[in-house]
Amino acid sequence: MSFHVMLIPTLGCPGECNYCWSSEEKSPVMSIDTIKEVVEWLKNFKDDSVTFTFHGGEPLLAGADFYREALPMLAEGAKPKKVAFAIQTNLWKMTDEIAKIFAEYEIPIGSSLDGPKELNDFQRGEGYFEKTMRGYEIAKEHGLSVRFITTFTSHSEKFREEIFNFYLENGWTLKFHPALPSLRGNEPEKWALDPEEYGRLLIYLLDKYLENIDSIEVMNIDHLCKGVFSGRGAVCTFVDCMGDVLAIGPDGGIYPCYRFVGMPEYVMGNVRDNPGIEELSKSDAWKLMFDYKDYVDENCKDCSHIKYCRGGCPYNAITPTGGEIKDVDPHCISYKMILDEITERVNNEMFGGPSMEMDFFQNPMKPSKPGIMALMFKK
Ligand code: SF4
Ligand code: SF4
């Protein structure tokens, strides 16, 4: 992972997804002056190449004028650092004007869709599917790359086959995450996906992926397999994200990650004060993140997956305990289930096992049916 700065132009969102944990209705929008301050702050902060991801809330609420000014400012201002952009949006507010600006910077779009219309709208609200698809069409017309992320909830995991087929039939890459307990409403656990159920879902999706290996890409499974092979996590959840990911809230506040934005107790500084790493590292939030790293080193030390799991996501770990480090990511159970499965299968494939006709070393490229090694060789 390169250095990642998440820009949160607003915490507002026009959507009303049932399990959402972050959106606020009337929320201020980041000013261009804050973008100028981000540029100044970054000049002396780190030399690494940087990826800016616009996230929210709903980042398109900032409007075309914001992006028209912000993008060149960030791209030019961060030089000689290599700069890349990305955005995570529900696409409702996508317009030709915004799409044109994004196309200039070849900004890949991540959006959210929980499966076929009925299922999606049941979870995300009536009309969501249509509004997102309208934005998707505009983005496509301008040649933008769009990938969807699906949230599997306690409800939608029962429709795992329909969801997988929906992505398969549309020729879309499948990326997903489990619903966490919501911080809104009075039934926080209602939509959350039980970790063991999530583990079973991961194994199911691994099998479905292998059955359809030439027709679909399942990003999470690719990342998990790559982690096992390379001994290093391929996404933020499975590396020590602290210090390599930072998020800037609408008012310029600096947080450890977009998931903390809006929670005053996690502010580490503000771009307007131009803080260096040394200053940020004195904040409680920075210390908490690094304490989590130490906690993982100690508490996961006997786990064979520690190198490419790293205790999962610190945010997931500390939110159930009100910000205290008392355990690792509650999805540890699911991670162990899928990582054990991948490791066992790959050992069978490489050293000969009942599921393979051929020993990997005899004929590595042609096992009797696609297995984990086939995912590794997949382009
Ligand atoms: S806190 Fe969690 S979501 Fe945020 S960067 Fe770290 S691992 Fe990723
Ligand atoms: S699978 Fe669980 S015990 Fe192992 S490293 Fe990950 S969080 Fe720690």
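Q: Which residues is serine 112 in contact with, leaving aside its neighbours within four places in sequence?

A: Two residues are in contact if their C-beta atoms, placed from the backbone, lie within 7 Å. By that rule serine 112, leaving aside neighbours within four places in sequence, is in contact with Asn90, Phe148, Ile149 and Thr151. Before going further, note that this is a predicted model, in which local features need pLDDT of at least 70, side-chain atom pairs count only at pLDDT 80 or more, and totals for chains, interfaces and linings use all residues. Residues are numbered from 1 along each chain as its sequence is written, while chains are lettered from A and ligands numbered from 1 in the order in which they are written.

Q: Where is serine 112 placed, and does it count as buried or exposed?

A: Helices (H or I, at least four residues) and strands (E, at least two) are DSSP runs, numbered from the N terminus, and serine 112 is in strand β4, residues 109-112. A residue is buried if 20 or more other C-beta atoms lie within 10 Å of its own, exposed if 12 or fewer, and partly exposed in between. Serine 112 counts as buried because it has 20 C-beta neighbours inside 10 Å.

Q: Which residues touch the most other members of the largest nonpolar core?

A: In soluble globular proteins, nonpolar side chains tend to be buried together. A nonpolar core is a set of buried Ala, Val, Leu, Ile, Met, Phe, Trp, Tyr and Cys residues joined through C-beta atoms within 7 Å. Here the largest one has 92 residues, of which Ala247, Tyr255 and Cys257 touch the most other members. Not counting residues up to four places away in sequence, tyrosine 255 touches Ala247, Gly249, Phe260, Val261, Tyr266, Val267, Met268 and Ala285.

Q: How do the axes of α7 and α13 cross?

A: Axes are lines fitted to C-alpha atoms, for helices over the stretch in contact, and angles run from 0 to 180 degrees between N-to-C directions. Angles under 35 degrees count as roughly parallel, over 145 as roughly antiparallel, 65 to 115 as roughly perpendicular and the rest as oblique. The axes of α7 (residues 195-211) and α13 (residues 332-351) come within 7 Å and cross at roughly 30°, and α7 and α13 are therefore roughly parallel to each other. Pro195, Tyr198 and Leu202 are among the α7 residues in this contact, and Ile333, Met337 and Ile338 are among those of α13.

Q: At what angle do α8 and α13 pack?

A: Helix α8 (residues 219-230) packs against α13 at an angle of about 60°, with the axes 10 Å apart, and α8 and α13 are therefore oblique to each other. The contact is made by Leu224, Cys225 and Val228 of α8 with Ile338, Leu339, Ile342, Thr343 and Val346 of α13.
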